[in-house]
Amino acid sequence: MAKTQIRFICRNCAHEHLQWWGQCAGCGESGTLEEVTVARASMPPPRSGEGGRVEAQRLRDVNLDDFKRWPTGISELDRVLGSTPHEGVNLSGVVPGSIVLLAGDPGIGKSTLLTQAADNISQVVGPVLYVSGEESAQQIRSRSKRLGISSPDVFVLNETDIDMLDTAIENTRPNVVVVDSIQTMRAVDSTGAPGSVAQVRACADRFLRTAKTLGCAVFLVGHVNKEGAIAGPRVLEHTVDAVLQFEGDRSQAYRILRAVKNRFGSTNEIGVFEMGGMGLTPVENPSALLLSERHGNEPGSVVTATLEGTRPLLVEVQALVAPSHLTQPRRSTTGLDYNRATMVLAVLEKRVGIRLGAQDIFLNVAGGVKVTEPGVDLAVALATAGSRADLAVNPETVVLGEVGLSGEVRAVPHAERRLQEAARLGFRSAVIPSRNARSLKENGTELPGMKITAVSTVREAVELTFGS
Ligand code: TYD
Ligand code: MG
């Protein structure tokens, strides 16, 4: 029997310790260490090739001809998985032999997305095995029936024991395995309950071996709870080839798929989906959808163009400023960074002279989208100033700009791409940082039919927009 050792692994950052500590030395979190039994490496294995000639390959000579991808048939998922040029065409989809972790809150649509993908992939590459530790075969069938899935090559199995799963994989010989979810899988030779660090690690290692030896692609579903604390995802991030995060507000129809790690593609791409009665549908034109419920001439509504990866996304920032009856007026943000938003409010108060002290302020990004980049600052400022003064911003205006502490408006990256998207959707004017305006002019960028207003301070932006 192989000798074993005890290790203590942090479920938050996967840092390994030789003994138990109250606090993780890696990330500083308290009470996150879990005991794990690991096989002890005895003698170092003999080095193969010792004495012989070992030749490294020239990087540019590495053959890419057999680097394949299997399309999942869901355009937005393929986009996030990445693409490679292959025989003259851009091939996108999942890489054979890779492991992809799909993480997200419960109920966000992970099982739905992978059931749909399983159906499509099986029609192109053959057998797909969908293993669920959470739902019975009947439950999966009833969902797939609703989704209109009928491929003869999708196999389902309700199993949590990883040894049984290996046997099923041997029998079915799938090209793609979906494991829903990694937290329900159990390796008998490992300690701990399903979902513990030890189990998740042991199971992930087994799937890694399966993927690499059989050349099949493995999708692992991982749940994250509110604190992002469940053992799975963090510990897994090191093992898997790609981590896709599925985000969105469950009460809203839109979902965003983001790659937070991707060995075979860019982490800049996002995929946008809409959840409906027939499952998830890719949204190729998210900006138009996000703006479709806008009322137009409302005070406190401002459209900005944010950049999600390489993709411009037009979103509506809404502000409601109302007299407060509380000693400490309320500040609330949805879809925006709270600290950044309060900074913008302080700039409005101090640098522009807009009194907000006795007001409740609610800020929101419509459609359940989260915007974390500072390029949204000026839109927050103008929406708030507009709501305070009860003045509307022209609904055909798009606003860009980061706000600095001294009230200056700073340039945003890729202004050109953002404005082109706005122009495409019918926006006729733009309030942008003057540095961006200058470089647009220098580069000779054409934005037909769009009137550009360059601003260098928030005060200037407020005055030019509301004419006060
Ligand atoms: P699910 O994929 O089970 O989420 P997860 O696996 O991430 O926990 O689906 C989540 C929700 O989506 C569920 O509450 C029902 C809803 N849903 C639809 O609205 N339309 C559909 O076609 C399907 C299959 C699910
Ligand atoms: Mg599920």
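Asp390 is exposed in this predicted model, because its relative accessible area of 59% is over the 50% that marks an exposed residue. Asp390 sits in the loop between α9 (377-389) and β19 (397-399). Most residues other than glycine have a negative phi, and most peptide bonds are trans.

Arg173 likewise has a positive phi, near 50°, without being glycine. Arg173 belongs to the loop between α4 (162-172) and β9. A further backbone feature is found between Asp180 and Ser181, where the peptide bond is cis, with omega near 0°. Ser181 lies in the loop between β9 (176-180) and α5.

Two partly exposed residues can be described next. Asp205 is part of helix α5 (residues 197-214). Its relative accessible area is 42%, so Asp205 counts as partly exposed. Along the chain, Asp205 and Leu236 are 31 residues apart, and their C-alpha atoms are separated by 9.4 Å.

His15 occupies the loop between β1 (4-10) and β2 (16-17). His15 is partly exposed because its relative accessibility, 33%, falls between the limits of 20% and 50%. Beyond its neighbours within four places in sequence, His15 is in contact with Phe8, Ile9, Cys10, Cys24, Ala25 and Gly26. Ser251, by contrast, stands 236 residues from His15 in sequence and 36 Å from it in space, C-alpha to C-alpha.

| Residue | Protein atom | Distance to an oxygen atom of ligand 1 |
|---|---|---|
| Gly107 | backbone N or O atom | 2.7 Å |
| Lys110 | backbone N or O atom | 2.8 Å |
| Ser111 | polar side-chain atom | 2.6 Å |

Taken alone, ligand 1 exposes 560 Å², and the protein buries 71% of that area.

Note on methods:
Residues are numbered from 1 along each chain as its sequence is written. Chains are lettered from A and ligands numbered from 1 in the order in which they are written. This is a predicted model: local features need pLDDT of at least 70, side-chain atom pairs count only at pLDDT 80 or more; totals for chains, interfaces and linings use all residues. Side-chain values use heavy atoms; hydrogens and water are left out. A polar contact is a pair of N or O atoms within 3.5 Å; within protein, one must be able to donate a hydrogen and the other to accept it, and residues adjacent in sequence count only if both atoms are side-chain atoms. Accessible areas come from the Shrake-Rupley method with a 1.4 Å probe; for residues, only the protein chains shown count as cover. Helices (H or I, at least four residues) and strands (E, at least two) are DSSP runs, numbered from the N terminus. Buried means under 20% relative accessible area, exposed over 50%, partly exposed in between (1.4 Å probe, protein chains only). Contact means heavy atoms within 4.5 Å.
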